[in-house]
Every structure is written in C-alpha cells, then in structure tokens.
Amino acid sequence: MKRKRILAGVLVAVTILSTAACETKKQTADEADGNKEAAATVADATVWSAPATVKVLSTAAIEDYADVKTDTISLVSGKNEYESGQIIVSALKDLSFTVSLSDLVEENNAGIISKDHFTVYTQKYINVLKNWHGNGAAVGGYPDAILPQENAVAYEQNVVKKGNNGGAWLEFFIPEDTPAGTYKGEATVNVGASSQTIPISLKVYDVTVPTESTQKSVFTVNYTQVAIHELDSSWEMVGKYIDLLLKYRCSPTSVATDSTGAGEFAERAYEYCQKGMTTIGLPTGGGSQYLDGLDVFDYEYTAERTVALAKKSMETNYNLLKKAAFYNWRIDEPFCAVYP
C-alpha cells in the first residue's frame, strides 16, 4: 500500500509538472508567434472600477484616480431606466480582454434581473495633444466612442498596450416590472485563459421612470456625416441614429433633410412622436440666403412645415405643435466664419 501511495504521488507530481510545462510552452509559442496579447493573463494587469461619471484616460496612471478607484461596482436606479458602470484594465504588458456579466439577484430573492438586459461595450480613445483652453485639464487618450464588445473583438480593438488603460463600459437596463431591492452579481474580466471577478451591487428604488419623456432636447444627427462614415445616405440608415437617440429619451435636431417636402416632414414627425420623440425640430434650410453679408433662413420654407404640422395635428388629434421647437444653428455655430 505504501508503494502504491508513493507511486500515486509521483504520478500527480509528474502531471502537475507536465501541465505547467505545456502552459509555459504555449505561452512561449504565443510570444514567438508575435501574439503577445494571447500570452498575457489577468496577473499582467490591475483590474479596477470607477464611476461612469469619470473619464479615465488611457495614458494616465492609476494613482491619478486614487480618490475614485474602487474594487466594486455600486449603482442605484429606478425602474424602466438605464444605469452604467465601467471597468478599467491597466496593462502591465500587451494584452486583450473581454468582460462578461452575470444575472443580478435580489439579496432576499425577491427577483432577478437577467443579464439579457445588460450590454458590454469596449471604450475607444481619442488622443488630445493640446489643451487649447489652458484650464489645467490633462492631455492624453480620452475615452470617446464605445463599441459593442463583440465588434471590438472581431476587429481586434479590445487590445491594451503595456502601460496603458483599457475600459469596458457596462450598461444595465432595469425593466419596469423589477421588484424594488438590492441586487447582487458580478462582472468577470477575462484575459487569456484567466479571469478576475468584480462584485456588482444595484439598488433599485420603487420608482418608475415614465417611458414618455417631457424633456425637450435636440441632438444633432448630421446627414452629411452619416453618409461619409456609414457610406450610406439612405433614410433607413439615418433612421437608425434617430432610433438610438429615442432609446435613451433624446430627440434629434430634425427628422428631415432640406429636400424633404413639408407633408412628408409632418408625417415623419408624427411617426417618431409615437416612438417617444419629445421635440420636433423645425428645419431652417432649403432656401438659405445671404442678406447684407449675414446668413438668414427662409421664413417661407419654415412656415410651410409649421403649417404642415398644424394640419397633421388636426388630422390625428395629436398636438405636434406643442412639441415643435425652432433652433437657428447660425446663431451659435460659426460655419460662415473665416477660420484662422
């Protein structure tokens, strides 16, 4: 029996050593192939969190965020509302990472918020080289765009270089039928074949945010820029941008181009108001002209679309004019100025 125990111990030791050797060989092979990111593990990074209101620069040191850095994600929310958090991966060597989220379970088992209501995005950065305002804000890599994580992985945009920070943006939607309470779960940060978890706590108040918003807003959907960056100038593509704004209870500057007729403009305005749009931006283009060196809008053009809204309001018994707003972009956007 003693010999059998000794033999068993030897076999276990050999297995452990063989496994370790295989892992070392795999890591060495990955590095030899130039795939340094695949060779990294979670031990090659510092994983932490910061409030969603904090912009963590990709080029900044962890110490710069000592007053906001946490090891957990703590959120509060009402029902029918979105809340966000972020996870930062500070790389000690080149690596790639992903984040997965669990369901959130109420601590007294009063309910579950499914992870199907959550989305993970990968933060992308824009390099600010100069502070033009001289206000003391740091220069460096500022988080700007967020990519759906699956797209970031597909195009290898989830890579963090040694000495830099990479961020994951976590979006939580709390359904309207969610019982009030404190929900617990975790985020799992994956680096190579290794992982680290960060606890999540979400306190849901017994308050429901209405689906229909009354706050007026005008967020620019620039048709020219959509065409340039999407290589698609169709109304269907522009509509995707407008639908995304409406998802977060924001309204676009307009639902029409300068060439859109007054009747079609009113039809679209009514359609999007049914989807939750709170503000109908009255267009000013179409007949723009210069008068004594100043750029002015075509009053008749705008008036036609105002009348069209009134007619549509009477036809549908839905007051579109109550949601109409006029924004003269020429007042505060100096497109006609001579730039230095």
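In this predicted model, Tyr223, Val226 and Glu230 of helix H4 meet Trp235, Met237, Val238 and Tyr241 of helix H5. The residues of that contact divide into six nonpolar, no polar and one charged. Helix H4 covers residues 223-230, and its packing against H5 has an angle of about 110 degrees, with the two axes 10 Å apart. Because the angle falls within the range of 65 to 115 degrees, H4 is roughly perpendicular to H5.

**The chain as a whole**

- The secondary structure of the chain comes to seven helices and 16 strands, and buried residues make up 37% of its 340 residues.
- Among contacts in the chain with a separation of 6 or more, 70% are accounted for by residues 24 or more positions apart.

**Helices H6 and H7**

- Two packed helices are described by the angle between their axes and the distance between the axes.
- For helix H6 (residues 262-274) and helix H7 (residues 299-316), the angle is about 50 degrees and the axes are 8 Å apart, which means that H6 is oblique to H7.
- The crossing of H6 and H7 is right-handed.
- On the H6 side the contact is made by Ala262, Gly263, Phe265, Ala266, Glu267, Ala269 and Tyr270, while H7 contributes Glu304, Arg305, Ala308, Leu309, Lys312 and Thr316.
- Sorted by class, the contact of H6 with H7 has seven nonpolar, two polar and four charged residues.
- The C-alpha atoms of Ala262 and Glu304 are separated by 6.2 Å, although the two residues are 42 positions apart along the chain.

**Nonpolar cores**

- The largest nonpolar core has 30 residues, and those with the most contacts inside it are Ile87, Leu95, Phe97, Val99, Leu101, Leu170 and Phe172.
- At least two residues of this core are supplied by each of strand S1 (45-50), strand S2 (73-79), strand S3 (81-91), strand S4 (95-101), strand S7 (118-128), strand S10 (165-174), strand S11 (181-191) and strand S12 (194-208).
- Another core, of 23 residues, lies apart from the largest one, and its members include Val238, Leu246, Cys250 and Ala308.

- Thr188 is found in strand S11 and, at 16% relative accessibility, is below the cut-off of 20%, so Thr188 counts as buried.
- Leaving aside its neighbours within four places in sequence, Thr188 is in contact with Thr98, Val99, Ser100, Ser195, Gln196 and Thr197; of these, Val99 is also named among the residues with the most contacts inside the largest core.
- His117 has its place in the loop between S6 and S7 and, with 34% relative accessibility, counts as partly exposed.
- Beyond its neighbours within four places in sequence, His117 is in contact with Glu171, Phe172, Phe173 and Pro175, and its C-alpha is 7.3 Å from that of Ile174, a residue 57 places away in sequence.

- Most residues other than glycine have a negative phi.
- Asn109, which is not a glycine, has a positive phi of about 60 degrees; its place is in the loop between strand S5 (104-106) and strand S6 (112-113), and it is exposed, with a relative accessible area of 66%.
- Leu231, likewise not a glycine, has a positive phi of about 55 degrees; Leu231 lies in the loop between H4 and H5 and counts as exposed at 77% relative accessibility.

How values were computed:
Residues are numbered from 1 along each chain as its sequence is written. This is a predicted model: local features need pLDDT of at least 70, side-chain atom pairs count only at pLDDT 80 or more; totals for chains, interfaces and linings use all residues. Side-chain values use heavy atoms; hydrogens and water are left out. Axes are lines fitted to C-alpha atoms, for helices over the stretch in contact, and angles run from 0 to 180 degrees between N-to-C directions. Helices (H or I, at least four residues) and strands (E, at least two) are DSSP runs, numbered from the N terminus. Angles under 35 degrees count as roughly parallel, over 145 as roughly antiparallel, 65 to 115 as roughly perpendicular and the rest as oblique. A crossing is left-handed if the near helix is turned anticlockwise from the far one by less than a right angle, and right-handed if clockwise. Contact means heavy atoms within 4.5 Å. Ala, Val, Leu, Ile, Met, Phe, Trp, Tyr, Cys and Pro count as nonpolar, Asp, Glu, Lys and Arg as charged, and the others, Gly among them, as polar. A nonpolar core is a set of buried Ala, Val, Leu, Ile, Met, Phe, Trp, Tyr and Cys residues joined through side-chain atoms within 4.5 Å. Buried means under 20% relative accessible area, exposed over 50%, partly exposed in between (1.4 Å probe, protein chains only).
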